[in-house]
Amino acid sequence: MDAYTIGVLTNIGLFSFVALSAYLLLVAGELSFGQQAFFGVGAYAGGIFTAMYGWPLPLAALAAMTLGALAQFLVGLPTLRLRGLYFAMSTLAAAEMARILFELLHFQREVKGELTGPDGTQGFRGIRWIFEHGIEPIDYLGMVVGLLAVVLAGFFLVERSRLGATLRGVGQDPELAASLGIDIQRVKLGVAAAAGALAALGGVLYAHHNTYIEPRNFDIMLGVHSLAYALIGGLGTAFGPLLGVVLDIGALEGSRVFHDYRMIVFGGLVALLLVFRPRGLLDERMVRWLRARLP
Amino acid sequence: MLADLIQNTLDGLSIGAAYALLALGFTLIFGVLRRANLSYGAAIMFGCYCATWTHLNFGAGLLLLAAITVAGTVLAGAYVERLCFAPHRGGSMIAAMVASFALWMQFEELVTLVMPTHLYAFPALYEGAPLAFGPYTLRVDALVMFGAAIAACALLWGTLYRTRFGLAVRAVTEQPAAASLAGINLPWVYVRVFALASAIGGVAGYLVVASHGQITPMLGMWSTLKGLLAMMLGGLGSLPGAVVGGLALGLLEAHSQWFLGPQLRDLIAYLLLFVLLAARVPWMHTRSAS
Amino acid sequence: MSLLKIQDVVTAYGKIEALKGVSLEVAPGSITCLLGPNGAGKTTLMMTVAGILKPRKGGISFAGEEIAGRAPHDIVARGVALVPENRLVFPAMTVLENLLAGAYQRGDKKAVAEDIDRMYARFPRLRERSAQHAGTLSGGEQQMLAVARALMSRPRLLLMDEPSLGLAPLVVEEIFRIIAELHRDGVSIFFVEQNAHMALKVAQHFFLIEQGRISFSGTPGALAEDEVIRRAYLGSAQQ
Ligand SMILES: Nc1ncnc2c1ncn2[C@@H]1O[C@H](COP(=O)(O)OP(=O)(O)OP(=O)(O)O)[C@@H](O)[C@H]1O
Ligand SMILES: [Mg+2]
């Protein structure tokens, strides 16, 4: 594989994590414009742990995921009772606050004679753990894909369990779910924490892939893209968000024909697609249809 | 100190008037459709770029540029309505919102393809020296912006509260089922409200761009965020709330920028929104948005 | 010939059929009452006739013209007005504006103004509260307003969905007095009611709907004689 293809594939993998976090919330009935914040928390935290304190990447990733989960849990605590657009706006407000806080974050120390760490709007350079440890791009791609496979396996296990049914129930008919004795707030807080952890994992991987991050990477564009990925791919299965990312980054970034007006083509396709399939390509009905035909 | 406070208040009111217009456009659309139009700001940006392009290629007077901005925004709004909102009436709110975001991306790429420089000059509303009143100065363009925004608000007010169409808009906003039982043609109202909201957005966009004397593609995101923020602060779906929310946001920003700088200014606005949402202040929960 | 003719109408919410083939007729110049237990499909039927819900199957004709599947504003234009369940007044609009909204399709300003005066004469409380927001009215006043708003379109057939719901007995009496008055003025009325005692005083024909199907059709006399219905809807008081 050439470096370009590896880069595109790695990006697809990275952004799948945020898309999955938006998908998870959508399944539980919540619309978030703010998953970029937790992606950012993961990126910054992971970078700080490896580049500034020399932690190994796996440990840094775990810590960053914990922080991401905690952050979204705390943000969700006062807002998850809000509905629809109110909740969506609260996530947007939280995410914009996070972005501005990244801009205000000046926290550097000397590592091997070089000043390292987040430097406000100047960004955070030198997150070089994978290069320092001689990990080739292809191997990093393998790691990303491996982690994604683990996460997807987790999704499928949950979807087939009672917990999965509970989640969809809470998302589609909260009144009914509440009348069955389900504590909706608790379920949603759990979902929020999981979504925060997922987005943060994506962020850690992103920071180490790029070696450089800046606050602008985590603006609302990323958040709404994640939402769009989840929706166009389809809300019927965890493969949906993946398909969304592949369609955007893969098919259009990969094909040189469309490169210059990728967003014009993609944007139009998305809007048209949603006219005919408002719950995405792989919606619940399509998934049922496929299940009946696939072994 | 007092002079600064007064100066900031004047500045805040003047940008706040533009925010109020943006919020009014959002609120009108949200009120009748119960959906947020994420490409609202992008359509405004498209309209402003139409005017910039005309100015660069042919040169044109201020009024003509304003008219082109409004026309371009309404055109873009019509495209958004047809593709994102008409197909999802009574259907999925999320699909409509994501579709409108997709078109935002289209508009942004379109303008950067046609006009690739990041920043273009835009004919300023007024280029002379500011007016001085003792220790206070007043930028004439800020004054014009304030006056024009107030005039646009007044015009909208007249439309909504003194015309048959306005009666229909308010009826649909309050109680869509009863409005159609009263004989009001809902799709007809939707389309016209979209055009009206786009025209208001075009006016707001023109005023902002002309008072800054420049335009960048960031205008799209900026307008959407400011409009959403002001609409939410004033109470979702409330027209007087949109005006109050816009002016309040302008004042808050002007004062916090003076005391704390531009980054904290934005932080404080979002923090306020977050806290008010979490506290569920009663005026913000006027409409069902679920 | 009947004024309203409903034939084999099926209306569904998603997969659940709330009307499973309803047929009935309303004679011109009559007061017809639709009785039925909670969840039987009464509101669904009214909304289907008014065009808010689209029937999946079947036909609805009004004055000989097919109206099934038409838009609500079109059906209003043909002379059918519905006073919806729970009244649904426009709460932040004034009483006067509510009435004007009811006359939305009419271009004749002068006649509209006269009709408003007529409404105020019939409902004096509304005149007193003309400039007040409808949301500040009492339940009974809101019901009067909802009726007046529907009348502003000058309907030939007035549909009413549980007009007495949640109102005090005196107000209920007044509502029924108004129904009788409107009938005298030549409006045909087809209304939903759970209070069969009151309905018996005004209605000339009854339909009973149960689980989405019409299970009885007959005169007040026939209704009062039916043992089962009497027990379910008239209680012991009628013995
Ligand atoms: N929006 C809806 N979505 C799904 N099912 C509905 C909806 N509205 C009504 N139903 C169902 O359709 C059936 C008929 O409802 P409908 O409201 O027509 O009954 P009703 O006779 O008017 O009852 P009530 O006396 O309580 O007003 C009920 O089983 C109800 O649960
Ligand atoms: Mg009912």
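A salt bridge is a side-chain nitrogen of Lys or Arg within 4 Å of a carboxyl oxygen of Asp or Glu. By that rule, the count between chain B and chain C is one salt bridge, while the interface of chain A and chain B has zero. This is a predicted model, in which local features need pLDDT of at least 70, side-chain atom pairs count only at pLDDT 80 or more, and totals for chains, interfaces and linings use all residues. Residues are numbered from 1 along each chain as its sequence is written, chains are lettered from A and ligands numbered from 1 in the order in which they are written, and side-chain values use heavy atoms, with hydrogens and water left out.

**Where chain A meets chain B**

- Let's start with contact, which means heavy atoms within 4.5 Å: here 45 residues of chain A touch 45 residues of chain B.
- About 3,900 Å² is buried between chain A and chain B, and carbon and sulfur atoms give 83% of that area. Buried area is the accessible area (1.4 Å probe) that two parts lose on being put together, summed over both.
- Four residue pairs, both members at pLDDT 80 or more, are in polar contact between chain A and chain B. A polar contact is a pair of N or O atoms within 3.5 Å; within protein, one must be able to donate a hydrogen and the other to accept it, and residues adjacent in sequence count only if both atoms are side-chain atoms.
- On the side of chain A that touches chain B, the elements giving two or more residues are α3 (57-79), α4 (84-104), α10 (220-233) and α12 (262-276) of chain A. Helices (H or I, at least four residues) are DSSP runs, numbered from the N terminus.
- The most comes from α4(A), with 14 residues.

**Where chain B meets chain C**

- This contact takes 18 residues from chain B and 21 residues from chain C.
- The area buried between chain B and chain C is about 1,800 Å², with 65% from carbon and sulfur atoms.
- The salt bridge joins B:Arg170 to C:Glu97, with the closest N and O atoms 2.9 Å apart.
- Between chain B and chain C, six residue pairs are in polar contact, both at pLDDT 80 or more.
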